[in-house]
Every structure is written in C-alpha cells, then in structure tokens.
Amino acid sequence: MSFPAVQVTDFEGQSILTQPMLAAPIHFLAASGLPGLSLAPTRWPHDLWQITQDLLGQHLRIFIGFVLALLVVGRLMLEKRNPSNVFAWGLVIFFIPWLGVPLYFLFGGRKCRHLVKMKLEVNNLATQLATGVPATAPPISGVATPASPRRKYAQNSFRLFGDGVEGYRALRAEIARAEKSIYLQTFILGRDEPARQIVADLTERARAGVEVKLLLDALGCFGAAGSFVEPLRRAGGRTARFMPVLPLQTKASANLRNHRKFAVFDHDRVIVGGQNIDHRFIDSRDSPELFLDFSAQIEGPVVAAFNRNFISDWCFASGDSPEKFRDLLAYIPAARGSEAAEVLASGPDVAGDPLWERLLTLVQQCQHELTIVTPYFVPDEVLFQSLIIQAHCGRRVRIIVPENSNHLMTDFARHFYLRQLHDAGVEVLLYTPKMMHAKLVLVDNEVALMGSANIDLRSLFVNFEIGVLLYSSGAISELTAWTDVLRRSCVTYLDSGHAGAGANRRVMEDFAHLLGPLL
C-alpha cells in the first residue's frame, strides 16, 4: 500500500512537516481524529527542494565560516605570528567574522614567498659577480635562510641633516649633482609644493640624460603615482608602484607596505632616514606643521647594499629582470671616509625578522646606557620585558617620543607600555614643540641604529623597512649631540600629565593596547 506525500500544518496553518516516508503514520493519526492536525496533498520533489533551501539558508553560512576559520588558523600557524597579533586578529574575527575574515585575507599577510625568492636571486647573483663563486639559493619553504646577508662595510663617510629643511636642501642638491643615475624610493609622495619641486628636479635630470627611477608605495603615494609624475615619465624617467592595494593587482597581501625611504645617486652615495617627500617631512623653511626628523648622507662601500636593496624592490615592482643590473650588482663604491656601517633590510622579502632580532640583541647586550627615539611606541612583549629587565639591572634606559603624535589610537596604545616602563625606572621623555618623526637607537656610545623603522609591531614584523647600523665614533657622536638637543625640549612622563590618566582614558588605553598589533 502506498500513500501520497503530505504537508502537515498546525492550528495556525503553518507547515511543520513535509515527509513522504512518514505519510502512512500521519494518515493514521489524521484518521484517528487528532485535533489540530490537517493534511494537504503535495508533490514531494517540490517539498524536498524547499527543505534543501531551508537547510542551506540556516547552515551554509556556519559551514563557510568554519572553513574560513580553519584557513585563517592554518595561515596564522604557518606564519608563526606574535601571540598578541594572533589575539588581536582573533578578537576581530570572533566578534565581527563577516568583516574580520575578509580583512585578514586582504590585510593580514606577513611574509611573501615570491619576494623572498626575488631577494635571494638578487643577493646570490651579486655574490657570484663579486666573488666569482656561484652561490646556491636555499629552498623556499615557509622560512628560508636570511635573504639579507650581514656585512659590515668600512671606510664610509657620514653627514647628518638634523631637520626637514636641511634634508630638503640636501636632497635637491644631490639630485642636481647626479651625473649618471638617481634611484629614489619613498613611502609617501605628497601632492604639495615640496613634492612638486622634487618631481620637477628629477624631470630636469631625466631630460639631461640621467637614469632616473622612482619607486612609490602604492598606498602611501595613492593619488600621486599617476598624472602627478607623468612629466617625469615623458622626460625619460621611470616610475613603478610597489604592491598595488587591490587584491587582484598584487602578488601578496595589501597589508605589506614599503616603508623604506632612501635615494641613491650615481650608485655611490645615499641619503637615508625617515623623511617622506611631503610638506610634513621636508620643506624649504621651518614651520609648526613640519615634523622634526633627520636624515643622513653616506658615501662609500656600504652604498652597494642600498643598490642591491633597490634593485630587488624595483625588479619586483616593475617586472625587470635582475640580470639587467649585473654590472651594478658587482659594483662596490670606493672608500670615502673612516665610518663603519652595515645595512639591515627587514620585511616580507626577508626570511625571519632581522631588524627586530638585531634591536633585541642591542637592548639585551646594553651595559650602561640605552636611548630609543621613536614617533610611535608599541613594542612586542619580548622587547618590552627586555627594557624592563635592563632598567631593573641598573642600566640607564631612556625613551623619547612626541607628546602627541599624528596617530591618536597609537598614542593611547603606547601608554600601556610607557606607564609600566616609567614605574620600572625607565626615563620616559615626551617632545613637546611639535610632532617628532625620528627613529634612532643609541647603545653605550658604541652602536647607533637609524633608518625607516618605528618601534612598533608594524615596522618590526610587517612593513618593508631598512636600517643602518653605525659603529664609529664620528657618526655616533653626531647622533648623540642631536639627541641631546632634542632632550632640551622634552618633559618627563610625570610632568606630561599622562601618568595620572583617569578611568575613562585607561579604558581607551586598554582597548588600544588590545588592537596594538593591528595599528
């Protein structure tokens, strides 16, 4: 005996069951006169499709979310992230999964295999050309051997430019002086008068036959990488955008930004520091809006490392082959002075985190005095605890930050650390006149570290950064004197008023601290 498919409805006429296989029992219940139960013949294929749609509507999103969560967890484990970074991303993904998961896949990347491979190719080619011995690249598998080999270069010259006015004049002078080539890369290119003047100067040199290459970070130079630099391209110069922001245009996460800032002239002298090409960083005259920052000009053999770094970045962004630069990769500039220096590149194109590792080593090996100058201060837990331990051991530890930076949330986040460092005996100073954008570490009057990296998680673990280690007394004395002048315009942490923050501010600081790895 067979029964038709049925649709069971309740007192209000709402469907509660559609199952052909249960038709016999249901017909029996209906024949027994069960109150409130009525039957309506229906076609089972249609009802089966309806059931499938209902199940998908209820569970498909859960299934997709589960799969995406597994992918995120797998990626986090492969990248060996800092626990605080995992926790911060976990908060966003847990509370706002529909937004957090896509944002993570768009902005959460930390290393790029393609870039590591490119860096290895450039370094191996340079080693082969310089020594005549073929270099064998290690396999690229998650973590490779360091792609930025350590080398200390002797006999360099060092000249400090103490603010944005001096830096602007020096940059223009070196552009005008260049005879063969100008390789310049920057994180920010403004659409203001200083930037227009620099582009005009580059255009003039390109017309004169100088090889000009301008490498621009796609995010930091957004709006200035197109028509703004078109005159330079028409004059024969070349430009390239580093890591386009849109995910379909780039070979890695849009989160990976090129924060390196340096310009190489004629392959044998470089201006390097933290200054972008923008009126907030460099200008023809001083003003309250001009950030306090310094840069330096270095000439000599160490510039070979800057040539190599620019070539690898340029080849990745432009598509050029490193083979086109064989002669330059083999070139070592002549001796120019008595300063010993080392270039340290860090970022998604370098296996490991060499800049963080070296900074941590400097802090932990300090015997007497340590000074850190940085615009933003959001350290990882290991560096943070190392500073506290050094203060407890009687070392003189000093941290100088701007009283108010240009990133409010970062200011909130830093006080979680500054308050505890102050309580541990660290001298915390806040620069009051205006925004201070300098990056500098001085250790025992023996080593100085300068460059593009801030003391925050983004610079130490995510961005493309470049640093210069200086080992000679001349350069260290100049940088120490610059820091001494800086300290005269600072107030202590207690005098700044931040130490006695109220409950509401503490809540904001704690919230910003949780999000610190994402800032």
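## Burial and overall make-up

Of the 519 residues of the protein chain, 53% count as buried, where buried means under 20% relative accessible area, exposed means over 50%, and partly exposed is in between, with a 1.4 Å probe and protein chains only. This is a predicted model, in which local features need pLDDT of at least 70 and side-chain atom pairs count only at pLDDT 80 or more, while totals for chains, interfaces and linings use all residues. Residues are numbered from 1 along each chain as its sequence is written, and side-chain values use heavy atoms, with hydrogens and water left out.

The protein chain has 17 helices and 20 strands; these are DSSP runs numbered from the N terminus, with helices being H or I of at least four residues and strands E of at least two. Contact means heavy atoms within 4.5 Å. Among contacts in the protein chain with a separation of 6 or more, 79% come from residues 24 or more positions apart.

Let's look at strand β11, residues 339-346, which is mostly covered: eight of its eight residues are buried. In general, side chains in a regular strand alternate between the two faces of the sheet. In β11, E339, A341, V343 and A345 point one way, A340, E342, L344 and S346 point the other way, and all are buried.

β11 has pairing partners to follow next, and two strands pair if DSSP finds at least two bridges between them. Strand β4 (residues 152-161) runs antiparallel to β11 and is joined to it by three bridges. With strand β19 (residues 465-470), β11 pairs in the antiparallel sense over six bridges.

## Two helix pairs

Helix α12 (residues 381-392) packs with helix α13 (residues 408-424) at an angle of about 20°, and their axes are 9 Å apart. Here axes are lines fitted to C-alpha atoms, for helices over the stretch in contact, and angles run from 0 to 180 degrees between N-to-C directions. α12 and α13 are therefore roughly parallel to each other, since angles under 35 degrees count as roughly parallel, over 145 as roughly antiparallel, 65 to 115 as roughly perpendicular and the rest as oblique. Their crossing is right-handed; a crossing gets that name if the near helix is turned clockwise from the far one by less than a right angle, and left-handed if anticlockwise. In the contact, F384, L387, I388, A391 and H392 of α12 meet Y417, Q420, L421 and A424 of α13. These residues divide into seven nonpolar, two polar and no charged, counting Ala, Val, Leu, Ile, Met, Phe, Trp, Tyr, Cys and Pro as nonpolar, Asp, Glu, Lys and Arg as charged, and the others, Gly among them, as polar.

Now for helix α6 (residues 164-177) and helix α7 (residues 193-207): their axes come within 9 Å and cross at roughly 15°. α6 and α7 are therefore roughly parallel to each other, and α6 passes α7 in a left-handed crossing. On the α6 side, Y168, L171, R172, I175 and A176 meet P194, Q197, I198, D201, L202 and R205 of α7. By class, this contact has seven nonpolar, one polar and three charged residues.

## Residues linked across the sequence

L460 lies in helix α14, residues 457-461, and is buried, with a relative accessible area of 2%. Leaving aside residues up to four places away in sequence, L460 touches S346, D353, W356, L359, L383 and N454. L460 and W356 are 104 residues apart in sequence, yet 5.4 Å apart in space, C-alpha to C-alpha.

G474 belongs to helix α15, residues 473-487. G474 is partly exposed, at a relative accessible area of 30%.

## Two loop aspartates with positive phi

Most residues other than glycine have a negative phi, and most peptide bonds are trans. D266 has a phi near 55°, a positive value in a residue other than glycine. D266 sits in the loop between β8 (262-265) and β9 (269-273), and is buried at a relative accessible area of 6%.

D444 also has a positive phi, near 55°. The loop holding D444 runs between β16 (440-443) and β17 (447-451). D444 is buried, with a relative accessible area of 13%.
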